[in-house]
Structure formats: structure tokens, C-alpha cells
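User: Hi! I'd like to understand how the words used for a protein model follow from its values. Could you walk me through this one?

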Amino acid sequence: MNLLLKNIYWASDGKNITTDIRISRGVISEIGTLSSLKREKTIDFKNHFLYPGLINSHDHLEMNLYPLMGNPFYNNYTEWAQDIYKPTESPVKEIEGTGIKDRLIWGGIKNLISGVTTVVHHNPWNRHLSKKKFPVKVKETAWAHSLVFEKNIQKKIPKKSLPFVIHAAEGLDDFAQHEILKLNGLGLLRANTVLIHAVALNEENKKLIEQTEASVIWCPSSNLFMFGKTAPVDEIKIKTKVALGTDSTMTGSPTLLDEMRVARNTNLATPKEIYEMVTSIPAKIFGLERPEIKIGNRADFWISPIIHEDYLENIFKIDSSKIRAVFVNGKFRFGDADLATDIGADGYQLSWASKWIAYDIFSLKKRIESKTKDACNQNPLWKMFFGE
Ligand SMILES: [Zn+2]
């Protein structure tokens, strides 16, 4: 289906642009003053900003039915893991008893509703993640959980320069700090290494990361929840590639838009830098198409009403309930119910904020509830979708 977006605004290289955009066969095919073609849906987006789809650089997709877990603060991630992993107790018992496919789709939906069109998944690969209909695109990488929780780390090392993702220096104590040295000693600190968290960094650690050109994924809400402190992003961002990730709802923000606000409130990065951390920087780290409104690019984008006249500032004023539309590969997947009607998209109307989604969220809810009863009720996304 061709789609023509009329009178939409966006900014590129500091310039504001208002124009029309044609979407055909899943890509942005034309930009300029355009008139409708036969059999083309035309929608006027006056007073709306168009943004390229965001990249969430760290999530465990199947872990997003959880509420925040634990009784912080902790000294490092092993203390947290011991505290929360009680497989015979609620809510772990119930949530782990649900189907993996449903949990993964829920994680995909979490990302979709905040303008994310690509997510980097940290956990075993599952064939459902590469399906065309999965809510967002999922980037597969080589990965290990962490130095402590990985039995045979050498086996997980990729042969070529594929990104290799690992939780590291997640904590405040000497143990967490020592992980960077240990990784380096194992020859695992390299230009393709992607360190998740990197909270406990001394001067030597920062230098090692800089010299090896490893990247860092910043998850401020998770760090602040577990440790009351986050990575020294103000210092490391100067010479190291830093991107932003939510982590799962066990410790992190409900959505990437929330995470961007948390990042901003730390004052460790500017709005522009935070925007780059969810677009151009992760594209570089993970070898993805740079998110841009450009002819020939995949039609992965989202549309928001203009609440603040500044293009970047507006993102920090938006939450999922205000997003007008999210498109993946040119397909409308989440947004306002009236827009779904105008476009003629098949899907499901939600009671939350007059929204619409392309996925059968009600059957998903039923299947999950048959295993969990009320164990998901404290999950922030569950509350948002199904709360009173
Ligand atoms: Zn994680």
C-alpha cells in the first residue's frame, strides 16, 4: 500500500522542514510537494512532527511482564540477582510459567509504543524475533550475560567483528570495578565489545575502554534503581560511543521515552546527545541503518503532535499515550484509533487513551492471565494497557 503523509514537519541538520512524504513498498520513496496517486491513502499531518524510528540498545524482551524487582540498594548485580531470583515464589513462578512467544511479543509491544522500531535483544535468540510480523525489528548480536553468570565465556566470543554484548561493571564496589580489567585480561575488551551499564569505572577503566574503542550502553533508570548511581557518562561520552537502553521492567523504565527523560534529568548529557544515543550512535555500534528521514530509507518512523515547538524538546514532552502513529517497514502498527480507521488498518482498539494496535492484545492478555492470574498487575505496561 502506498501512503502519502501531507504537511508534516521534521528537522534535519538543524533545519526545520515541512513537506510531504510518500511511502511505498516499505521505504520512503519520495519527499517534496506531492499530490495523491490513485489508490493511495493520503493523511494530513499538519501540526505533527515526524521522527525516525528509535533504537533501544538494551532490553531482555521476555522479561517485561515484571514489576521493579528487589529491595535496593545493592553493591553489585550479583547481590541483586541473588535477592530477586526465587523461582518458586511469586511473581517469578507465575511469569516464568507463561509462553516464551507471548512474553517476547509483550516486550516487542513495550518498545513499539514508544517509537522504537529496532531493539537490541540480550538473551537467547528465538525464531519469533525474526518474523516479519514481530512488533519491532530485533537486532541479534553475540552476547554473554556477564563474567559471573556465564559458564564458558570463550565459547560466546564471535569470530569476526560482530558486536559482542556483555553486562559489565554493574555496581559500585571493587568487584564491579575489577570486571573491566578482567575482560581486558581475557582479550575481550575490543572495538566490537559493547559494555552494558559500566557504572563502576575508575580512571584506568575509562582509559582502557577509550583505547580499545569498546562501546558503552547507558541504562540510567536501572542503575539509579539498583545502586542510586549511574555511569560517568559526562566523562566517557567524549571519547567513547555511548548509546541508551531501557533494560527490562525488572529494573528499568517502562519505555525508551521514559528512559530518555531519566537520562536528561541526570544532567550528564544534553537533549541532542541523548537523541543521538537512540539514533545515530547505536546505528554505528550495531551496524544498523542510520535512522533518518531520507529517500530510500526503510519507512520506520513515528509521528507526534507538536507540544513543544522545538523538535528535540518535543520528544521529552511525549509519552506513549500521546504518540499519533508508529510505522515499521511502512506498516501502521500503533497509534490513534481514528487514524487506524482513516488508514483502514486491521487491528484492535484499546480503552487506554483511544489507542489502536495491530496485535491481538486481548487474546495475549487472556493467555498470560491464565498462567499468572494477577501476578502482572504491578507491571507498569500492564497497568497502562489494562488498568482502570
Ligand atoms: Zn540487562
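**The largest pocket and the fold around it**

Analyst: Happy to! This is a predicted model, and its largest pocket has a volume of about 940 Å³.

User: Which residues lie nearest the centre of the largest pocket?

Analyst: Lys 133, Lys 331, Arg 333, Ala 358 and Tyr 359 do, among the 34 residues that line the largest pocket. The elements giving two or more residues to this lining are helix 3 (100-112), strand 15 (325-328), strand 16 (331-336) and helix 13 (361-372). By class, the lining has 16 nonpolar, 6 polar and 12 charged residues.

User: Which domains does the lining of the largest pocket draw on?

Analyst: The lining takes at least three residues from each of domain 1 (2-53 + 293-386) and domain 2 (55-286).

User: Why is Cys 219 called buried?

Analyst: Buried means under 20% relative accessible area. Cys 219 has 0%, so Cys 219 is buried. The reasoning carries over to Cys 376, which counts as buried because its relative accessibility is 0%. Across the protein chain, buried residues make up 57% of the 388 residues.

User: How many disulfides does the structure hold?

Analyst: The count is 0. A pair of cysteine sulfur atoms has to be within 2.5 Å to be a disulfide.

User: What makes the radius of gyration of the protein chain agree with a compact globule?

Analyst: For 388 residues, a compact globule would have a radius of gyration near 21 Å; the protein chain has 21 Å, so the two agree. The C-alpha atoms fill a box of roughly 65 × 50 × 40 Å along the principal axes.

Definitions and conventions:
Residues numbered from 1 in each chain as written. Predicted model: local features only at pLDDT ≥ 70, side-chain atom pairs only at ≥ 80, totals over all residues. Heavy atoms only, no water. Buried < 20%, exposed > 50% of the residue type's maximum accessible area, 1.4 Å probe, protein only. 1 Å grid on protein atoms, 1.4 Å probe; cavity = no way out; pocket = protein on both sides within 12 Å on 5 of 7 lines; lining within 4 Å. Points joined across faces, edges and corners; volume = space filled by probe spheres on them. Helix = DSSP H or I, 4+ residues; strand = E, 2+ residues; numbered from the N terminus. Nonpolar A, V, L, I, M, F, W, Y, C, P; charged D, E, K, R; others polar. Domains from an automatic or database assignment. Rg over C-alpha atoms; globule rule 2.2 N^0.38 Å.
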